[in-house]
Amino acid sequence: MSRIGKRELVIPEGVTVNVNDNNLKVSGKLGEMELNIKPGIKVETNDGKVLVKRSNDSKEQKQLHGTTNANIANMLTGVSTGFKKELEINGVGYKFAVQGNTLTINAGYSHPVKLDAPAGIKLECPSQTELTISGFNKQVVGQFAAQVREVREPEPYKGKGIKYKDETIRRKEGKKAA
């Protein structure tokens, strides 16, 4: 058995887990999520824990076993504490601005770039050069953060662009005069 697939997931306080045939529903203070369980995978809840079991040892079932367990773990974390990504922008005149559910990015183009945040995403801008994206769905938070970063990826010579807060940009040495 895979290590990830056989781990027992503890249900956090304030979170409810309902299993109906091939549908799993997790709800908590931050939101509600659903997961369709593939055939051959069985999810059980007892004594405040979630267990994932598989029907046989085929390669596909082994893969689904660990993936399903990891997805359920992300759902439990998401509805109880949530996920967040922090971005920062470097460059002269580069800045973030949040108005409601719309993010405006000035990143050196002739026009500001506007992005609408998906449902369930909360945008915060502590300063003009910092952005915090938070939500209960790990995949949606990560995907939107990647879209924002894609507007102007950091370049290796001066480090200008949008990067994750904990990301380090490997710098290259520029041309040298003779």
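**View 1. Isoleucine 133 and its contacts.** Isoleucine 133 touches Phe83, Lys84, Lys85, Leu87, Ile121, Lys122, Leu123, Val141, Phe144, Ala145 and Val148, with residues up to four places away in sequence not counted. Contact here means heavy atoms within 4.5 Å. This is a predicted model: local features need pLDDT of at least 70, side-chain atom pairs count only at pLDDT 80 or more, and totals for chains, interfaces and linings use all residues. Residues are numbered from 1 along each chain as its sequence is written, and side-chain values use heavy atoms, with hydrogens and water left out.

**View 2. The largest nonpolar core.** This core has 20 residues. Those with the most contacts inside it are Phe96, Leu103, Ile105, Ile133, Phe144, Val148 and Ile162. A nonpolar core is a set of buried Ala, Val, Leu, Ile, Met, Phe, Trp, Tyr and Cys residues joined through side-chain atoms within 4.5 Å. Buried means under 20% relative accessible area, exposed means over 50%, and partly exposed lies in between (1.4 Å probe, protein chains only). At least two core residues come from each of β7 (83-90), β9, β10, β11 (121-127), β12 (130-135) and α3. Helices (H or I, at least four residues) and strands (E, at least two) are DSSP runs, numbered from the N terminus. Helix α3 gives the most to the core, with five residues.

**View 3. Threonine 132 in strand β12.** Threonine 132 is found in strand β12. Its relative accessible area is 11%, so threonine 132 is buried. Leaving aside neighbours within four places in sequence, threonine 132 is in contact with Lys84, Lys85, Glu86, Lys122, Leu123, Glu124 and Pro126.

**View 4. The sheet of β8, β9 and β10.** Three strands form an open sheet in the order β8-β9-β10, with antiparallel pairing. The edges are β8 (95-99) and β10 (113-116); each has a single partner strand, so one side of each is left without a neighbour in the sheet. Neighbouring strands of this sheet are turned by 20° against each other on average, direction ignored. Two strands pair if DSSP finds at least two bridges between them. Strand β9 (residues 102-106) is joined to β10 by four bridges, and the two run antiparallel. Threonine 104 has lysine 114 in β10 as its bridge partner. Helix α3 (residues 138-151) lies across β8, β9 and β10, running at about 175° to β10. Axes are lines fitted to C-alpha atoms, for helices over the stretch in contact, and angles run from 0 to 180 degrees between N-to-C directions.

**View 5. The sheet of β1, β6 and β5.** This open sheet of three strands has the order β1-β6-β5, with antiparallel pairing. Its edge strands are β1 (9-10) and β5, and each pairs on one side only. Two bridges link β1 and β6 in the antiparallel sense. Leucine 9 stands opposite valine 50 in β6. Helix α2 packs on the sheet and touches β1, β5 and β6. The direction of α2 makes about 165° with that of β6.

**View 6. The hairpin of β5 and β6.** Strand β5 and strand β6 (residues 49-54) pair in the antiparallel sense over six bridges. Glutamate 44 stands opposite leucine 51 in β6. The hairpin has two residues between the strands, and aspartate 47 takes a positive phi near 55°.

View 7. Proline 39 lies in the loop between β4 (32-36) and β5 (41-46). At 70% relative accessibility, proline 39 counts as exposed. Proline 39 and lysine 85 are 46 residues apart in sequence and 33 Å apart in space, C-alpha to C-alpha. Glutamine 61 is found in helix α2. At 8% relative accessibility, glutamine 61 counts as buried. With neighbours within four places in sequence left aside, glutamine 61 is in contact with Pro39, Gly40, Ile41, Arg54, Ser55 and Asn56.

**View 8. The largest pocket.** The largest pocket holds about 150 Å³ of space. A pocket is an open set of points, on a 1 Å grid over the protein atoms alone, where a 1.4 Å probe fits, with protein on both sides within 12 Å along at least five of seven lines. Lining residues have an atom within 4 Å of a point. Grid points are joined across faces, edges and corners, and a volume is the space filled by probe spheres set on the points. The lining consists of Met33, Glu34, Leu35, Asn36, Asn71, Asn74, Met75, Asn137, Lys138 and Gln139. Two or more lining residues come from each of β4, α2 (59-80) and α3. Strand β4 gives the most, with four residues.
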